[in-house]
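Hi,

Here is the structure I promised to pass on. Have a look, and then read my notes below.

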Amino acid sequence: MSQSGRKRPTLVADQRYPNASSAAKKPAKKTASKASAKPAARKTTDKRRSPAPKRGGGGGGNILMWPVHFVMWVLRMIWRLMWKGAVVVTLIIAASVFYVASTLPDLNTMLDGRAKGSVTILDRYGDVYAWRGDQRGGTVTTETVSPHLKNAVVASEDKRFYSHFGVSPRGIASAVRINMQAGRGPLSGNGGSTLTQQVAKLLCLGVPYDADTWENEAAYEADCRQGSLWRKVKEAVYSMALETKFSKAEILTIYLNRAYLGAGSHGFDAASRRYFAIPAADLNPAQAAMLAGMLPKPSVYAPTNNLKRSQDRAATVLRLMREQGYITTKEEAHFQASPATLSKAAKAQAGGYFADWIMRDMPAFLTRKTTEDVVIKSTLDPEIQTAAEAAVNWVFANKVRDGSEAQAAIVVMSADGAVRAMVGGRDMRVTGAFNRATQANRQTGSSFKPFVYAAALDLGYSWNDFVLDEPYCLNVAGSGEWCPKNYTRKHYGNVSLTEALSKSLNVPAVKVSEAVGREAVKTVASMFGIDSDLADGPALALGASESTLLETTGAYAGILNGGRSVTPYGLTELSLVGDNSPLMTQTGGMGERVISKSADEQLVYMMNQVVEVGSGHRARIEGREVAGKTGTTQGAKDAWFIGFTADYVAGVWMGYDDNTPLKGVTGGGLPAEVWQHAMAKIHEGLPPRPLPMIRPGASPRFEGEVFSSDPNGGATAPSQNGNNLQDAVENVIINTLRSIFGQGN
């Protein structure tokens, strides 16, 4: 025991304290009692708990290793947190997915997400030529559409559609890589979205449009398409919820019915009918590839914007279809060589201004704000519309200097006011643009003069009455003396009313207007359809008042119609999709009589002479009788030609939107050429018909300053005071005043 007791201190002390002082203490240890072994043991135990550094540098190695041990400890903690966190996140996502899936509506409810209805406009023959609003075709499924369409969509948008669970990690990683290589943020640009995620966007993650919440639909749609990280997370959850509730076929069905494909068309059936005039079930591979190719950027790849660009994009989709085994190499080559083309209606894109006019003219709840799908049958004739557009394009291409910002408008209608064509400006492939045919109020100039002579003829004047063209002045209250001048700055002495109109002389027109009374002239003009405010002064006779081209052309239609008022119209029938009977119908725009038939026939003859021998000679059409009137406003800010044959009435206006004067353009110049170019084409194939006018056997003879003859050339006694037209009208004004107000004849 004593030996053992000696060993322990020696082993410990010698190794830890190898110095002289420790050796001097050994005798004291030897005299210790046996009971001292236990305290020694406890001391040794305490030393093991806090060992001192060993000799030979062993403690330095532990110091170097502690960062490694720390890193390993951190990694172990991270791993524990990660797998535990992953379990928690997975449970949260799973719960969210199943909760969202439980709130999803049934399939049929999700197929049509439009906030508004659509308007389909048919031409006079019942063919579709224009669409407005959110257009939707018939409901389609993966079983009812062309199989080529399904394959084209999957091949171009999501080739792993049938294998993923709503999101594609590989696709997301690829998109992030592409975005980073392009210098964008990881979530900017390419999104790596699956078809299911695109459906989630189309559904706006299940949030419906609320007019009280959103400023407008554009703001709502912008929020649906935002690309924030949190939005991407919610989109992923919603996509997986869709995969949980619906089959792949049902998800693709939602997509086929809701995808936007340009021109207001929502869904592939609407787009198929819009661009190809066929249902989605009949699409061939080339057509299907063109529609599928539009999905990334509908406005860019729409074939109505750039057919060649759309065909090039479709070629890429055909290649993808071949690479994924949907078509053979031979089929790809065939449809690459025979790309899809537009239907006749889509290719023409006719009647944009006309369609806008109808949409503005009809009640908003049936057009601009409709919640139903509306079908309008209209009066527009696509061939006449094409001819009108071609005439404007031809004149500006061949007769107007490059870079000119001058504008033009043209309206063509039947004698009863049925509008057959409308061009509201040089840019014809627009929707919602300013329509110069219906919205621009411009001074009419000399094109107003027929209404001056209409009032005179209805009061008893005759086509061959004479009026003295000489210097003439009037005192205008508040303005002083006003002296009208002819365009040529010359005077022609005694001229017949017919010659005065054919040469568009200003002095005779003012004299006749003053003779019959300005109120009589204003009454006749307004009853013919000039609804704009008419000037009060003597310049009324020279077209100082403003009017629209549509309004003035409609008034001329009344002259062709035997002197009865005409209201221009564009709708013949309006109905809701699915209804058997129309809500509205219109059969014609004929109104009450304005002037007598006899007066009207004389006026038509006088206007015929404008074209035959007068200022409108450029409007002549070989083999046809034409009547019309030129118009040029003061300062040449507006130039008009309005005329008619026995079949159609057409009006043309030219000018600048900012009232810049025209250079070298009068109504008898370019407007008459536009008119002639359009009407010659419109009348191709139509048999010539005579105008409803008098046909005098001889020219009038002058005897005194005023000489009257009947429409057949039989002379009557001259006025007793032949030197003043005012004296001539006093004999008949009382008996004929009623006719001015439509109460006679």
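What follows is what turned up, region by region.

First, the ground rules: this is a predicted model, with pLDDT of at least 70 needed for local features and 80 or more for side-chain atom pairs, while totals for chains, interfaces and linings use all residues. Residues are numbered from 1 along each chain as its sequence is written, and side-chain values use heavy atoms, with hydrogens and water left out.

Let's start with strand S6. Helices (H or I, at least four residues) and strands (E, at least two) are DSSP runs, numbered from the N terminus. Ser404 sits in the loop between helix H19 (382–398) and strand S6 (407–414). Is Ser404 buried or exposed? Its relative accessible area is 10%, so Ser404 is buried (buried is under 20%, exposed over 50%, partly exposed in between, with a 1.4 Å probe and protein chains only). Leaving aside residues up to four places away in sequence, Ser404 touches Arg426 and Tyr656 (contact means heavy atoms within 4.5 Å).

In S6 itself, 8 of its 8 residues are buried. Gln407, Ala409, Val411 and Met413 point one way, Ala408, Ile410, Val412 and Ser414 the other way. S6 pairs in the antiparallel sense with strand S20 (residues 648–655) over 8 bridges, and Gln407 stands opposite Gly655 there. (Strands pair if DSSP finds at least two bridges between them.) S6 is also antiparallel to strand S7 (residues 419–423), over 4 bridges, with Val423 as the bridge partner of Ile410. S6 and S7 make a hairpin with 4 residues between them, and Gly417 in the turn has a positive phi of about 100°.

Next, two helices. H12 (residues 268–276) has 8 of its 9 residues buried, among them Phe268, Tyr275 and Phe276. Ala277 follows H12 with a positive phi, near 60°.

Last, the cysteines. How many disulfides does a search of the whole structure find? It finds 1 (a pair of cysteine sulfur atoms within 2.5 Å): Cys473 and Cys483, with sulfur atoms 1.9 Å apart. The torsion about their S-S bond is about 105°, so the disulfide is right-handed. Cys473 lies in the loop between strands S9 (466–469) and S10 (474–476), and Cys483 in the loop between strands S11 (480–482) and S12 (493–496), so the pair ties together parts that are 10 residues apart in sequence. Cys473 is partly exposed at 37% relative accessibility, and Cys483 is partly exposed at 23%.

Cheers
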